[in-house]
Amino acid sequence: MADSRSPCIRSSDPSTSARRVSQQSVRFADADQYAPLIPSRLRETTILSPEDKMTRSRSREDTSDEENQRLPPPTLNLAADENTPLIAEPEPLVNEEGDSVQGELVEPSTQSLHARNNALGNYHHSRLCGLMNCDHGTFSPRAPSVESEGSTNLSFGGRYADDMAADGSPRDPVRGILGEAVTDTLAPSKSLSTTRWLAERHGIKSHRYMYFSYYFPFVKWVGQYRWSWFQGDLVAALTMASFYIPMSLSYAANLAHIPPINGLYSFVFNPLIYAFLGTCPQMVVGPEAAGSLLVGQVVKTCIDRGESQDDDSKLNAEIAGVVTAMAGGIIFVAGLARLGFLDSVLSRPFLRGFISAIGFVIIVDQLIPELGLAEAAKEAEGVSHGSSAQKLAFLGRNIGDAHALTAAVSFGAFTVIMVFRYLKQQLQPRYHWVAYFPDRFLVVALSAVLAWAYSWDKHGLDVLGEVKSSGGTAIPFHWPFQFRHMKHIDTALSTSFLIALLGFFESSVAAKGLGEGGQVKHMTLSANRELIALGTANIAGGFFMALPAFGGYGRSKVNAATGGTTPMSSILLSLITFICVLFVVPYFYYLPKGVLSAMVSVVAYSLIEECPHDIKFFVKIRGWTELSLMTIIFVATVFYSLSVGMALGIGLSLLALIRHATKPRIQILGKVPGTANQFENAELTPENIEYIEGCLIVKIPEPLTFANTGELKNRLRRLEQYGTNAAHPSLPRVRHEDNNRNIIFDVHGVTTIDGSGTQVFTEIVEDYVKRGIRVIFCRLPQRRSQVYKSFERSGIVGLVGGTRHFVGSVEEALRLSEAEDLEEYFDERLTGHQEHQHH
């Protein structure tokens, strides 16, 4: 007899009979057909709710052992026919007493279950169920999952079944277009979305507030704010103000060629708006050197075309506002369209080459005011608005005319800032307080005091002069999208797009480097919400003629290192900058322009200093294509202009992207020797691969779209003729046609297929069928998937011979092809024999 304390297997009939199993039925039959008639307790625990499990547990305790009946053995009734292969049953098991085993499962009694629970003693389960008699089917409870707030039930989440159509798409077409957040909030329908269904199941009372707090993160972090964080946020804001307020003046005056005060406007509005909408609490947005230089290029272009003048500061500021608003509008629309992946469009070599070229251009541009040659450059034809090569030639010719006092002050300030920068990098890991030291603010303040005390402006040193707004108020408002600005919009369109792309890329790097909320809970990074936040901030900044402002990694690290914990530091920075605009700006009168140029040169140096590391890396890995792209962009930018380098870089990057997207990556598979079901790419190690006679096994490892199916026919033709894609098409056929009798497509990687791809693939299959070639598909996604539906609607399933030609593995496909080859062979022999008898 079997021990009642453990399940056993009984048998009464030692005889076994062969059974027939259809291969395609195992692949495509409904899951319920093979489900056990009475699930085990382990499966019950998985599929039942906690309430059902508790009820089931109580019912077991009330049930006596006599009432427990033996479970019937699971059966599988399959109709047999002559076309299905035979699978023999395993040998029957016989126990020591000679009883045969039929495969009956005996459930343990209630006493046995209680004995197990008692054996556990004082073992405490986790919060999965909270019961001492928990029978999860194992002595250890399952690993806990993240539970929703306010929910005490164990939940596996999952998609709401009624929200999904037969092809896997949303059942509600409006929800599929507008998204769940819009439809559930503004136009709720009778059918629940998956998000709303999960929210209701887990005790979330207001789904509208849930969506609102997600898109307005200010609601989340302000409710958690502690006054203990305020001191750190205030110190961080003061530190950043001492560093970056002078920098913003430099960007506006020296790079963007607009009034210096417009640089401050970027710190008045953009950090404030980002604090309400941004998803990275410690990131601080502000103007950057690259974006400011690109704004200056637009201003210069408008001046060259006669649309503005060098001394027309008001119109130049309005042009800058147009560029900023357009850049903000571009990324705002990108956020609405969920194009958060745009930061991956530009390649690393393009970004490194272009940013390094920008740094070089900035250094060359700043050498002219640092040497006191600004007036001479204006008088020389084609220098002020010329290329970096022309400016270098000008410096070489006029270096002897440099103003000694200006050069001394400029390079002295540059040296002091670089020395402090180096010391901070070395000391900060050990003494983190050095991050608070306002070295740049001290350089600015000291130089202004010295210029005032010694009247350096009367000795030929250029000073900033009166800092005032271009309008009648401290912060004037100007609508950028006026009809008279249409010509400026046309000039600035491409540059605004690049500013938006570069700014979003820099912000993404900063946000990923800083991470998510930190001490602020429930703050998650989102590329699409970052686009919305940055776009809104720059649109608002454009209304006040500010410079484009994005997240900077260096600035944000300073914020985090000096105590900034929440977006409150950004709000305080905006408030401090606003106070400076109203009351402190007049004290910048004696600030030497050479010191501002020196500060900009330090930033430009930081843009270049990573380039040697990247060059060394690409040389090490022999990335000649990447090095060539970097060199082309750098040379075009230096010897021609930023616009030429920008156009070349974007064009070459997009060409490389298109080439990569349109190139089919199909593979010919071969069998690994000594194995039964292992197949690898035959082109990687052809000497260690066995080819299958009469079969061409083709693996398609990627989704099929209009882009990569254009060359699919040619690639398949090469595999048919040469057995490889590496052979030149001028070579005559070398692969025998008899080895292409069966084409087996491993389409496990084809997770999606669009209409154009389906059409091309249908034509390929039709051509094979007309030529008498058998086509078999293996490892296709489930029948409910969009790929199989497309195959079915296009007629591919019918062309290849029905669902029996869709199998689960390459090995099954080979067995099926061999079986059908034998069947054809015997049919031909039988037909020939009958014809012979007839004659």
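**Pockets, cores and a cavity in a predicted model**

The backbone oxygen of G286 lies 3.3 Å from a polar atom of the side chain of R555, a polar contact in the sense of two N or O atoms within 3.5 Å, where one must be able to donate a hydrogen and the other to accept it, and where residues adjacent in sequence count only if both atoms are side-chain atoms. This is a predicted model, in which local features need pLDDT of at least 70 and side-chain atom pairs count only at pLDDT 80 or more, while totals for chains, interfaces and linings use all residues. Residues are numbered from 1 along each chain as its sequence is written, and side-chain values use heavy atoms, with hydrogens and water left out.

R555 lies in helix 21; helices (H or I, at least four residues) and strands (E, at least two) are DSSP runs numbered from the N terminus. R555 counts as buried because its relative accessible area is 5%, the classes being buried under 20%, exposed over 50% and partly exposed in between, with a 1.4 Å probe and protein chains only. Not counting residues up to four places away in sequence, R555 touches M240, Y244, F267, V284, V285, G286, P287, E288 and F550, where contact means heavy atoms within 4.5 Å.

R555 also belongs to the largest pocket, being one of the five residues nearest its centre, with E506, Y553, G554 and S606. A pocket is found on a 1 Å grid over the protein atoms alone, as an open set of points with protein on both sides within 12 Å along at least five of seven lines; a cavity is a set where a 1.4 Å probe fits but cannot get out, and lining residues have an atom within 4 Å of a point. The volume of the largest pocket is about 1,600 Å³, taken as the space filled by probe spheres set on points joined across faces, edges and corners. Its 43 lining residues divide into 23 nonpolar, eight polar and twelve charged. Here Ala, Val, Leu, Ile, Met, Phe, Trp, Tyr, Cys and Pro count as nonpolar, Asp, Glu, Lys and Arg as charged, and the others, Gly among them, as polar. Elements that each supply at least two lining residues include helix 10 (230-255), helix 19 (486-514) and helix 21 (553-561).

The second largest pocket has a volume of about 1,300 Å³. It is lined by 43 residues, with A253, N254, H257, K378 and K593 closest to its centre. Helix 10, helix 12 and helix 23 are among the elements that give two or more residues to this lining, which has 16 nonpolar, 16 polar and eleven charged residues.

The largest nonpolar core has 114 residues, and Y251, V295, F350, F354, I358, I362 and L498 have the most contacts inside it. Such a core is a set of buried Ala, Val, Leu, Ile, Met, Phe, Trp, Tyr and Cys residues joined through side-chain atoms within 4.5 Å. Beyond its neighbours within four places in sequence, F354 is in contact with L294, L498, L502, I633, T637, L642, G645 and M646. A second, separate core of 32 residues includes A682, L716, I753 and Y768.

The structure holds one cavity of 30 Å³ or more, and the largest cavity has a volume of about 40 Å³. Its lining consists of I668, L669, Y691, I692, C695, L696, I697 and R735, with strand 9 giving the most, three residues.
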